[in-house]
Amino acid sequence: MQEQVLLHYRDLTVDLKPIDNYIADGGYRTARRVFTEVAPETVVAMVKESNLRGRGGAGFPTGLKWTFLAKNTGKPIYLLCNADESEPGTFKDRAIIENDPHQLLEGMMISAHAIGCVNAYIYIRGEFVYGAEVLKRAIAEAYEKGFLGANVFGSGRELHFHVHRGAGAYICGEETGLIESLEGKRAHPRIKPPFPAVYGVFGCPTIVNNVETLACVRHIVERGPAWFKSIGPESGPGPKLYGVSGHVRNPGVFELPMGTSLREIIEVHAGGMREGRTLKAVIPGGSSVPVLRADEIDIAMDFDSVAKAGSMLGSAGIIVMDDSTDMVAALRRIAHFYHHESCGQCTPCREGTGWLEKILIALDEGRATEDDLGKLDTVAKGMLGTTICVLSDAAAMPVRSFLEKFSEEFRTAAGRRAGAAAA
Ligand SMILES: Cc1cc2nc3c(=O)[nH]c(=O)nc-3n(C[C@H](O)[C@H](O)[C@H](O)COP(=O)(O)O)c2cc1C
């Protein structure tokens with residue numbers, strides 16, 4: 001049985017939410033040591049050495065991002081924990097938040113020490129009402145113990161954590177949209193550069209990291225970068241949370257070594273397909289990444305391997321579809337989401353997501369032709385790499401991959417109108 005690090009709570013009978021239980025289990029030992037004995041640069045060096053790559057979707061090296069922070073600006077430095085978790089098919093961060101909140105807080109404390117942050121925010125999606133309550137309670141407990149506040153662990157350092165609830169919009173997960181939203185504005189992503197590490201929230205140097213990324217930091221500093229690198233591929237190692245949903249017997253969040261094969265995740269951990277059904281397609285990293293066919297699942301689920309296979313690890317939200325799935329209807333549903341969630345700031349995204357959905361509705365309802373398939377692809381192509389943030393790409397990529405990999409099904413759908421006309 002694989003050791004559960006991030007989902008350690010599952011191995012215990014005691015509830016890790018109350019701070020005393022977390023402390024009794026060895027919690028906050030590392031944060032205390034870091035604040036009282038370890039220089040910030042040493043923590044940054046350890047995270048760099050570990051090759052930790054961000055778990056929010058892009059897989060950017062965490063230690064490297066931290067070194068981009070603008071130095072000596074005279075402005076405060078902020079740490080923002082991205083707990084928006086709004087990518088369809090993604091539900092891994094909430095497993096940490098709702099069951100082991102102090103693990104996240106400890107990872108954030110260590111990270112805040114490393115980057116010189118005094119005020120850190122957890123931006124949590126509005127729908128996570130329970131998660132926000134759990135976090136607020138955990139933060140209050142940490143203040144009572146003196147682990148947060150004016151004199152963290154008696155080190156003389158000051159650190160404050162704040163929970164900020166979003167109002168439930170996908171774009172608030174994009175880091176600069178999140179920053180705008182935190183500032184009280186509409187979550188319109190910013191043009192980069194400047195990147196948040198130079199000009200972030202309130203115009204100050206800011207690091208934005210995902211929940212799972214920050215939780216990993218605790219363990220890297222506790223057990224060492226060599227331990228972290230011993231799990232999975234050296235270029236992006238560590239324990240990894242995979243969320244599996246869809247037509248499997250045993251959907252859920254599984255902690256496995258980075259690089260576990262997609263076949264193993266589906267067939268062993270998620271229990272395989274529902275009775276009497278066979279696999280048709282898999283979206284490996286949340287609804288915004290290119291789809292894979294059933295014959296493409298013998299791949300390692302790490303950033304580089306999935307990219308080599310023509311898709312993306314993304315948020316590792318694995319959506320499994322069996323042979324009963326109507327791919328046109330499935331894509332129509334996905335397109336509806338991105339149309340609804342486009343912030344409207346950039347024309348290719350605002351207009352393109354609408355056109356994608358409109359054509360897919362027509363296809364699904366038997367009102368489209370082969371010409372419309374060409375239009376669908378042209379619109380999607382025009383949405384790639386042309387906007388301020390990649391929501392546009394996120395909407396276009398599934399469309400292009402569904403069209404390419406399930407072309408016959410789309411042609412059949414387009415043929416329905418021709419067939420009806422002939423009859
Ligand atoms: C449209 C959009 C939505 C996103 N949603 C999330 C999200 O819900 N959670 C998240 O951690 N990152 C999300 N990201 C990625 C963030 O912009 C950012 O890369 C991430 O928070 C950085 O953290 P990491 O380096 O730890 O991965 C999203 C990106 C885009 C373009």
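Author: Two strands count as paired if DSSP finds at least two bridges between them, and strands (E, at least two residues) and helices (H or I, at least four) are DSSP runs numbered from the N terminus. This is a predicted model, in which local features need pLDDT of at least 70 and side-chain atom pairs count only at pLDDT 80 or more, while totals for chains, interfaces and linings use all residues. Residues are numbered from 1 along each chain as its sequence is written.

Reader: In which sense do strand 2 and strand 3 pair, and over how many bridges?

Author: Strands of a sheet pair through backbone hydrogen bonds, either parallel or antiparallel. Here strand 2 (residues 117-124) and strand 3 pair in the parallel sense over six bridges, with Asn119 standing opposite His160 in strand 3.

Reader: What is the order of the four strands in the open sheet, and which are the edge strands?

Author: The order is 3-2-1-4, with parallel pairing, and the edge strands, each pairing on one side only, are strand 3 (160-165) and strand 4 (206-210).

Reader: How should I read the packing of helix 15 and helix 16?

Author: Two packed helices are described by the angle between their axes and the distance between the axes. Axes are lines fitted to C-alpha atoms, for helices over the stretch in contact, and angles run from 0 to 180 degrees between N-to-C directions. The axes of helix 15 (residues 370-382) and helix 16 (residues 391-405) come within 9 Å and cross at roughly 145°. In contact terms (C-beta atoms, placed from the backbone, within 7 Å), Leu373, Leu376, Asp377 and Ala380 of helix 15 meet Ala396, Val399, Arg400 and Leu403 of helix 16.

Key:
Contact = placed C-beta atoms within 7 Å.
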